[in-house]
Amino acid sequence: MNIFKFENDEDFVQTGANLVASLLQSNPKAVLGLATGSTPIGVYERLVQMYRKGLVSFAKASSYNLDEYVGLSADHPKSYRSFMNKHLFDHIDIDLSRTHVPDGNAKDLTAECLAYDQRLENEGPVDLQILGIGSNGHIGFNEPDASLTSGTHVVDLLPETREANARFFPSVTDVPMQAITMGVGSILKAQQILLLVRGAEKAEAIRKAVKGPITTQCPASLLQSHPNVMVLLDEGAGQWLK
Ligand code: PGA
């Protein structure tokens, strides 16, 4: 893993955005793996700025998001589809029909998961997967467990994850109980992974992910088995790492 620690936010955000932009410059048809949550927002904002300056185009790119809440329709303000539209897609030249987010409101969730994997299989592999990490070591919504699922699947969210995400909802009881997530196997198929980590509350999780044993109890630790991972840390997240 290539680990970079940043003293200031500006460099953190610019480094992440540059990686995406340089991929699109060399391969305009790149398949991007995208993440939601607080951490990538700065990188998305910077990409929007770069797009407006003519430094990057998404016109031929496509994208696959990691996850979506079960039970929220795409147009629900708290859905991850709405998040992506609001923070990125509405402001760039990407063809919306080539942006993919699992349908958390699908009648048949199993069929939706299979169809998502099939689309990924046909269009993939993902060239660059952006990831965050949960305080419990989750990636996407792959929660710590005795075993992990490889492909896209429905997951019960752990109480700590619902608590952590309650800040986006009126209250914790409004956070959905389940989500659809790409599995760890699908995530590891990406050619390159960009893991973005901010905040002291993530310091222990990222230390375990990078230095600890590879274990399903810290799903992010499986990234140690991937040959091309770049980790960007702020000072808080990187306090246990050199
Ligand atoms: P965050 O979430 O970027 O909002 O901290 C990351 C995650 O829980 O995967």
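How do the residues of the lining of the second largest pocket divide into nonpolar, polar and charged? Seven are nonpolar, five polar and two charged, where Ala, Val, Leu, Ile, Met, Phe, Trp, Tyr, Cys and Pro count as nonpolar, Asp, Glu, Lys and Arg as charged, and the others, Gly among them, as polar. The model is a predicted one, with pLDDT of at least 70 needed for local features and 80 or more for side-chain atom pairs, while totals for chains, interfaces and linings use all residues. Numbering runs from 1 along each chain as its sequence is written, and side-chain values use heavy atoms, with hydrogens and water left out.

To stay with this second largest pocket, its volume comes to about 220 Å³. A pocket here is an open set of points on a 1 Å grid over the protein atoms alone, where a 1.4 Å probe fits, with protein on both sides within 12 Å along at least five of seven lines; lining residues have an atom within 4 Å of a point. Points are joined across faces, edges and corners, and the volume is the space filled by probe spheres set on them. Of the 14 lining residues, P77, K78, F83, H87 and F168 lie nearest the centre. Helix α3 (residues 80-87) gives the largest share of that lining, five residues; helices (H or I, at least four residues) and strands (E, at least two) are DSSP runs, numbered from the N terminus.

The largest pocket has a volume of about 490 Å³. Its lining takes 26 residues, and I133, G134, H138, N165 and K202 lie nearest its centre. Helix α5 (residues 159-165) brings the largest share of this lining, four residues. By type, the lining splits into eight nonpolar, twelve polar and six charged residues.

K202 sits in the loop between β9 (192-197) and α7 (203-211), and it counts as buried because its relative accessibility is 14%. Leaving aside neighbours within four places in sequence, K202 touches T39, I133, G134, S135 and V197.

An unreviewed UniProt entry lists D67, N136, H138 and E143 under "active site"; such annotations may be inferred rather than shown by experiment, feature names are shortened, and positions follow the numbering used here. From this set, D67, N136 and H138 belong to the lining of the largest pocket. N136 falls in the loop between β6 (128-131) and β7 (153-156) and counts as buried because its relative accessibility is 17%. Beyond its neighbours within four places in sequence, N136 is in contact with E143, P144, L158, E160, T161 and Q217.

Terms used:
Buried < 20%, exposed > 50% of the residue type's maximum accessible area, 1.4 Å probe, protein only. Contact = heavy atoms within 4.5 Å.
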